Every structure is written in C-alpha cells, then in structure tokens.
Amino acid sequence: MSYPADGTPVLPGSCIGVLGSGQLGRMFAIAARRMGYRVHTYSPDSDTPTGQVSDEEITGSYEDLDKVREFASRVQVVTFEFENVPAATAAAAAERAPVRPAGIVLHTTQQRVREKTFLSRNGLPVTPYRVIDRLEDLRVAIAELGCPAILKTADFGYDGKGQRRINAPSEAAAAWAALGEREAVLEAFVPFTKEVSVVASRSIRGEFAHYGVVENEHRNHILDVTVAPARVSDRVRAQAEEITRTVLEKLDVVGVLCVEFFLTGEDELLINELAPRPHNSGHFTFDACITSQFEQQLRAVCGLPLGSTELMRPAAMANLLGDLWAGQEPDWSAAAAFPEVKIHLYGKTEARPGRKMGHLTALAHSPDEASQIVRAARAALTRNAALSGPACEEAASADRAGKICGPG
Ligand code: AMP
C-alpha cells in the first residue's frame, strides 16, 4: 500500500482530502491549515466554502470514480464533510488512501432504515418507527403508531426535506404520493420538551471524547440556536453521553459523530438521527472549547491523540440563514459591537432563504446569558433594515423582551 498503515500518524505537512465542500469542510480546513496540514477538497462545485480556504479545490462529479481515485492518490488520508457521498465514491477513494470514518459508517448513517435498524439491534433508544415500502404498510403503521406521525423518506433529506406530517389516517395516500412513493419510515410524533445533541469523537486507538449535552432549537426544521451546556438533569446528561459512546463504539467510528436526541416530558431520551461528521450543533466548539470539533476530526482521522473537549465558558450559537439578507446586507458592525460575539461567515455569495450563510457564537457566564446575547446580536444585524418576515419579527420580539442589551 502506498499510504501509512492504520495507526501510523499522518503528521503536519501531510495533505488531507475532503469529500464535500460546504461550511463544515471550510471550518475543518481552517483547523487543518492552522496545524500546518495541506487540504485538497473534492466536489462538483467551484469557488466553494471549503475550496476558498483549501490548497487545492478539485471540481468533479462523485460518480467520476477515476477522478476520485486520482484525488485520493494525492493525499495521505480522506475524510468527508457531507454524508451523502455515494458509497462507491468512498470505496474508490479507499483504494488509494485511508478513508476515515470508514465507508461502512457512511453506508449505515446515510439511510434511515439502515440507521434505525443498527440502533435498535444495539438496544439503543429510537423514536418508535415502521419501515414503509407500500401504501398498505403506511396504513397499517398509522393504525399501530397513531397520529400525528411523520413520514420520512429512507434516503436522508436534511433540514426537514423529504418529510411529511400525517395528522389523520385519511392523509396517508397524499403523504405517500408527495414523497414519491419510495421507501420510507413512519415515525411516531414525539411531543418532546427539548431537542439535545452530543458531538463526540473516537480515535484510531478507540479513545473517546465528547463535548457534553447541548440544547438545540429548530425553526422550520432547521437548527436555529444551540446552547451549551444544555439545561438538563445530571441523569439525562450521563445517559446521553453513555448512549453516544455506545454509538461510536458499535459503529467503530474514527472521526467525529453527532447524536441528535428528543427529550420527552418523562426525561426519556430517544435518538432522532446520527451525523457521522462535525455538526452544526457543535459549531460553538470553535470558539468555546480547548479543541474544536473540527480540530478533533483532524486529530482523529490523522491518528493523533484527541484534544481536550473542555468548555471554557458557556456558549450559544445562532445560525445566520439567507433570509437575513432579504432587505439589504446585514449590519455586521452592529453584531461586531457585541464584544463577546464571534462572527463566522462561510463565503457563500448567493443568500437564498433557508441557506446557511454563517453563524454567531456568544460566550458568557451562563447558558441563559449566552443565549440572550447571541439572539440580541443576531437581531441587531437587521434592526435598522426596513424588513418584514422572520428576521424582523425576531428583532422586534427581542426588543420587546428587553433582550437587546447592546455591548457592555
Ligand atoms: P430531521 O430532519 O429528521 O432531523 O427532522 C428535523 C426536525 O423535525 C427535528 O429536529 C424535529 O424538530 C422535527 N421532527 C422530526 N421528527 C420528529 C418526530 N418524530 N417527532 C417530533 N418532531 C420531529
């Protein structure tokens, strides 16, 4: 083999290949270049968030396996930032360089039926579900699980895409047709009190490290705000961390993986889904932890020891979606006027509604305070714009709640 055998560290100065080219790859590349690595990125696009900060941006289709092999032969290790990379692409790359996490981790987590089967077989708590291949299966599943329920395509959409809420059995046929009559799962609707997640990592030697439990608020199915640490009981915290450890061990992950949970009114944790890579709910680690989730991915895939995940101060992260650009360019100096807020922008030129353009992170003395500051900083971005819509409503309601405290 032309690449280091398992366990031989890939050291600074080496080149890392990233499949995918979005913001996760960008933050990974920033962490890698800071430690003296070179980064090549591969995706179908050009002038991408990752490509802009990489040493080389290779534009090619994931189906062009010869080009993928050529890309992998010029790097010492391949990782990914986009879990919908086809299995054949990961396999072609693995002919020329180690792929971490391994292709089997991708294979298991990129399809809901496989992922849920893996979780249930390992005795891990999942949202009650049924596999649906035909409309008749859906009718039976609705009778068993009750309504409301959520029909989700087996192939992952993301951020709520490929999902349909079913409020009554009479809606079954329309939901089945709307999702294209293809393999799906029906999930019981979980009346959760909170959504929480744990981002964790595992090294080649099996060391495990996690960033603790964080709390996530979604808006229109898209992550909106993360608060770290989560305001949950010690028992929930310990259980979520232990479940996460089991997931990484049973999947034999080398890299970073996020487990997203629903927390019920009875303090029961149910796994919603897994993401075998750094996750949006771990972006706060870039500013708030000794080792960010991106550096941790680098350390893990390079066979280095893991870094400390210690949270230096409570933190909160607010996503910046394209909607914020609706009226005019957000007022960056207004957010910069909050001295405890860090601004992250991903270099995307086209601001479409719902598109993740960047995020803000606030550090504070408590999770509540961090949450208030980050929301106020985001509201300040559009406070002076003559806008209508969600961004403006948020600014107005933060103002009404007296949350816009301003710097100092
Ligand atoms: P997903 O793409 O499956 O992570 O779903 C996106 C969001 O939809 C989740 O973060 C929840 O807020 C909501 N959601 C998804 N599945 C369920 C469910 N079974 N019960 C309640 N809410 C759900």
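Q: Into which domains is the protein chain divided?
A: This is a predicted model. Its chain is divided into domain 1 (15–99), domain 2 (128–188) and domain 3 (192–400). The C-alpha centres of domain 1 and domain 2 lie 35 Å apart.

Q: How many aromatic pairs does a search of the whole structure find?
A: The search finds six. One of them joins tyrosine 42 and tyrosine 62.

Q: What makes tyrosine 42 and tyrosine 62 an aromatic pair, and why is the pair called tilted?
A: Ring centres must lie within 6.5 Å to pair. Here the distance is 6.2 Å centre to centre. Planes under 30 degrees apart would be stacked, and over 60 edge-to-face. The planes of tyrosine 42 and tyrosine 62 are at 45 degrees, so by the cut-offs the pair is tilted.

Q: What does the pair of tyrosine 42 and tyrosine 62 tie together?
A: Tyrosine 42 lies in strand β2 (residues 38–43). Tyrosine 62 is in the loop between β3 (56–59) and α2 (65–73). The two parts are 20 residues apart in sequence, so the pair ties them together.

Q: Why is the pair of tyrosine 42 and phenylalanine 71 called tilted?
A: The ring centres are 5.2 Å apart, and the limit for a pair is 6.5 Å. The planes stand at 45 degrees, so the pair is tilted. Tyrosine 42 belongs to strand β2 and phenylalanine 71 to helix α2.

Q: How do you know whether tyrosine 42 and phenylalanine 71 are buried or exposed?
A: Buried means under 20% relative accessible area. Tyrosine 42 has 0%, so this residue is buried. Phenylalanine 71 has 2%, so it also counts as buried. Tyrosine 62 is buried too.

Q: Which residues form one aromatic cluster?
A: Tyr42, Tyr62, Phe71 and Phe82 form it.

Q: What makes arginine 165 a charge over the ring of phenylalanine 189?
A: The distance cut-off is 6 Å from the ring centre, along with an angle limit. The charged end of arginine 165 is 4.6 Å from the centre of the phenylalanine 189 ring and sits over it. Lysine 116 lies over the face of tyrosine 129, at 5.5 Å from the ring centre.

Q: Which residues come nearest to the ligand?
A: They are Lys152, Gln163, Glu187, Val190 and Glu195, out of 17 residues around the ligand. Strands β6 (149–153), β8 (184–188) and β13 (269–275) each supply at least two residues of the shell.

Q: Why is leucine 251 called buried?
A: The cut-off is under 20%. Leucine 251 has 8% relative accessibility, so it counts as buried. Leucine 251 is found in helix α8 (residues 234–251).

Q: How do you know whether threonine 244 is buried or exposed?
A: Its relative accessible area is 0%, so threonine 244 is buried. Threonine 244 also has its place in helix α8. Its side chain reaches the backbone oxygen of alanine 240 at 2.7 Å.

Conventions: Residues are numbered from 1 along each chain as its sequence is written. This is a predicted model: local features need pLDDT of at least 70, side-chain atom pairs count only at pLDDT 80 or more; totals for chains, interfaces and linings use all residues. Side-chain values use heavy atoms; hydrogens and water are left out. Helices (H or I, at least four residues) and strands (E, at least two) are DSSP runs, numbered from the N terminus. Buried means under 20% relative accessible area, exposed over 50%, partly exposed in between (1.4 Å probe, protein chains only). A charge sits over a ring if NZ of Lys or CZ of Arg is within 6 Å of the ring centre and within 35 degrees of the ring normal. Domain bounds come from an automatic or database domain assignment. A residue is near a molecule or strand if one of its heavy atoms lies within 4 Å of it. A polar contact is a pair of N or O atoms within 3.5 Å; within protein, one must be able to donate a hydrogen and the other to accept it, and residues adjacent in sequence count only if both atoms are side-chain atoms.
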